[in-house]
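This report looks at aromatic ring pairs and at charges placed over rings. The sequence and structure come first.

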Amino acid sequence: MDRNLTFPVVPAPTKIADGKGSPLILDAEVSVTSNSPAAQDAAEYLAQALAEVGIAATSLTPESAPVGTQIHLRLTSADFELNADGLPGIAAESYELSITDTGAQISASAPAGLQHGATTVAQLLTQAEDAWQLPATEITDAPRYAWRGFSLDIARSFTPLEEIKEIIDVLVDLKCNVLHLHLCDDQGWRLQIRSHPELTTISGETAVEGGRAGFLTQEDYTALIDYAAAHNVLIVPEIDVPGHTHALLHALPLADVGRQAPDPYTGIEVGFSELRLDDPTAVSILTDILAEIAELTPGPWLHVGGDEPLVIPGERYATSVATAEKLVREVGKKAIGWNESVRGVQNTKTVIQHWDHRTELAALANAARQGHRVIMSPAAHVYLDMKYTADYPHGQDWAGLIEVANSYEWDPATNVPNLDANQILGIEAAVWTEKIHTREAMFEMLLPRLASIAEIAWSPRPEQERELGEIAPRLAAQAARWERKGWPFYRSPQVDWSAAE
Ligand code: TNX
């Protein structure tokens, strides 16, 4: 087995040098030091991870004198900026970690790299003879894809702010860096919009049957962005149009296209609603919404949905997509659209998010050939609202059952025939919440499968096809950590959880 699979780290690091020498024993005080104030978030994160298992660790500012064992965070560059995609980029997320029996050092050219080194250290901790220790090693690590995301549907069933922050903690632990928020759908509207308060005063109160209602105030949303940014995670908001818009139409009846306010929708069917973007009132409402969200969102993206236009005539759908794409540009952002958007997009800067294995594959490959970049979210592998097994209590099964093996044994570079792999920006997993209504269920859907997907997104592609056996022992090794953190996970029979106990 490759050396880089032997340590209990998920996603597997790119390169682990042979660890010779004695481990670093952490039985006394530990100082997490750094050479720059910009390293402070990562230093605090690491000190907290050490403290979580009972190690007497503190993070120090660059000026203070260290006490006890030192873990040093070294920024090798003074200037780092997010790139045009709002991401640190592959070089800035890379890091080196060196551990000897006297101390450890993480070096990186940007805070994001230090953060990733810190999560590796946290996962490398093992307990031996009453003291925590780290193995002697040299790790050089870098992500395969720049975009390693998770899409969370807070529209069908709401996820409150504190739970979204916990989900960000999970993303960070797995070196993921994008949280895409599906903010509205037929069943509810989840972000306060000051120019149209009815969106949340009315449709913030509705949800799918059995789901949670509620919404994020603009202060909540900003707090979420700040929390994410401190952990090097980019927030991508989605306003899904022209379909999936029943909650908007329920809150803001558009009389001039002949609509009365329809009743709230609490079912789980998709594809029946339409916001008519050939109507100036609808366009002006959408403009207000996108402008407000653009103002609140530092990241460069506005996702405008475009999925499942099942009742919308083809030409009108294509024009609607082009209109939404243009409005996004006018408020100074870049657009992302689901698969179907290839029927209407005009600008090759617009990113296409692939999800449906049943349609649009040739058109997707063609769009990539024209220059569109693609985010890979193939439902059969990464839609984590799919059940693990037929009798699993939560979730759906329209894209098939996704046991841990299905989440691991695939590759984005070969998933869509004739898709130019160079156009793949990265991967996004998703949880849709028609049937996921509690924190417990959400975490069980995520873990362990999100760890598999994070590994595909981060670790180099192996020469052989991936096999579950490569990751299973390392998933088992996370169980004790997940339990300590209070993160529920599914004890899939495909993983021998006792191996790590
Ligand atoms: C398909 S993914 C959808 C969602 C549903 C999901 C359920 C996508 C772009 N559309 O509206 O919630 O399936 O798994």
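Rings of Phe, Tyr and Trp (its six-membered ring) count as a pair if their centres lie within 6.5 Å. Planes over 60 degrees apart make a pair edge-to-face. The model is predicted. Searching the whole structure gives 13 aromatic pairs.

Take Trp355 and Trp398. Their ring centres are 5.9 Å apart and their planes meet at 85 degrees, so this pair is edge-to-face. Trp355 sits in the loop between β16 (351–354) and α10 (361–370), while Trp398 sits in the loop between α11 (379–382) and α12 (404–408). The pair therefore ties together parts that are 43 residues apart in sequence. Trp355 is buried, at 3% relative accessible area. Trp398 is partly exposed, at 35%.

A further edge-to-face pair joins Trp482 and Phe489. Here the centres are 5.3 Å apart, with 65 degrees between the planes. Trp482 is buried, with a relative accessibility of 1%. Phe489 is buried too, with a value of 10%.

The two pairs, in brief:

| Pair | Centre to centre | Angle between planes |
|---|---|---|
| Trp355 and Trp398 | 5.9 Å | 85 degrees |
| Trp482 and Phe489 | 5.3 Å | 65 degrees |

Which residues do ring pairs link into a cluster? They are Trp338, Trp355, Tyr383, Trp398 and Trp432.

Charged side chains also lie over rings. Lys175 is placed over the face of Trp458, 5.9 Å from the ring centre. Arg449 is placed over the face of Tyr388, 3.8 Å from the ring centre.

Notes:
Residues are numbered from 1 along each chain as its sequence is written. This is a predicted model: local features need pLDDT of at least 70, side-chain atom pairs count only at pLDDT 80 or more; totals for chains, interfaces and linings use all residues. Side-chain values use heavy atoms; hydrogens and water are left out. Rings of Phe, Tyr and Trp (its six-membered ring) pair if their centres lie within 6.5 Å; planes under 30 degrees apart count as stacked, over 60 as edge-to-face and the rest as tilted. Helices (H or I, at least four residues) and strands (E, at least two) are DSSP runs, numbered from the N terminus. Buried means under 20% relative accessible area, exposed over 50%, partly exposed in between (1.4 Å probe, protein chains only). A charge sits over a ring if NZ of Lys or CZ of Arg is within 6 Å of the ring centre and within 35 degrees of the ring normal.
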